[in-house]
Amino acid sequence: RGCRFCSVKTAKNPPPPDPNEPVHTAEAIAQWGLDYVVLTSVDRDDMPDGGAAHFAQTVREIKSRKPEVLVECLTPDFRGDLTGVDTVADSGLDVYAHNVETVAELQWLVRDPRANYKQSLSVLNHVKEGRK
């Protein structure tokens, strides 16, 4: 998905994520001695789960090596698919985050039309309500 807010270049047919990335990421974080990490991603609309399982596996790998590290996941909206949201939220992370980018009135200027303010708030509300 091409987001005008961040201007990340996209590909029509991006390669799949590296299956070893969760392990390599966790190993690096453990070696670096970090206390807090933020995992983020571009939208992966090309993947059935939007990349949620990859996010979740990365969190689990980090926590298995260094449980005291605080992990924040700054996620895409997973096209509003709350199953993907749950996959990440239930991974053992400490903070679930999602950018709304701007106020509702300006969404059309900066966000891809497949994303919207209401969808983003739905994602955040789902995580909040599910964690009470």
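**A tour of the helices and one loop**

Begin at helix α1: the cover over its buried residues includes β1 (36–40) and α2. The model is a predicted one.

Select residues 21–32 to show α1 by itself. This helix has 12 residues and spans 16 Å from first to last C-alpha, close to the 16 Å expected at 1.5 Å a residue. Now pick out P22, A26, A28 and I29, the buried residues of α1. Step just past the end of α1 to G33, where phi is positive, at about 70°.

Next, select α2 (residues 52–65) together with α3 (residues 82–89). Their axes are 8 Å apart and the packing angle is about 5°. Angles under 35 degrees count as roughly parallel, and α2 and α3 are therefore roughly parallel to each other. To see the contact, display A52, A53, F55 and A56 on the α2 side, and G84, T87 and V88 on the α3 side. By type, the residues of this contact are five nonpolar, two polar and no charged.

Finish in the loop between β2 (70–74) and α3, where F78 is found. Most residues other than glycine have a negative phi. F78 is not a glycine, yet its phi is positive, about 50°. Is F78 buried or exposed? With a relative accessible area of 3%, F78 is buried. Select R79, in the loop between β2 and α3. R79 is not a glycine either, and has a positive phi of about 60°. Its relative accessibility is 35%, so R79 counts as partly exposed.

Terms used: Residues numbered from 1 in each chain as written. Predicted model: local features only at pLDDT ≥ 70, side-chain atom pairs only at ≥ 80, totals over all residues. Heavy atoms only, no water. Axes fitted to C-alpha atoms, helices over the stretch in contact; angles between N-to-C directions. Helix = DSSP H or I, 4+ residues; strand = E, 2+ residues; numbered from the N terminus. Parallel < 35°, antiparallel > 145°, perpendicular 65-115°, else oblique. Contact = heavy atoms within 4.5 Å. Nonpolar A, V, L, I, M, F, W, Y, C, P; charged D, E, K, R; others polar. Expected span 1.5 Å × (residues − 1). Buried < 20%, exposed > 50% of the residue type's maximum accessible area, 1.4 Å probe, protein only.
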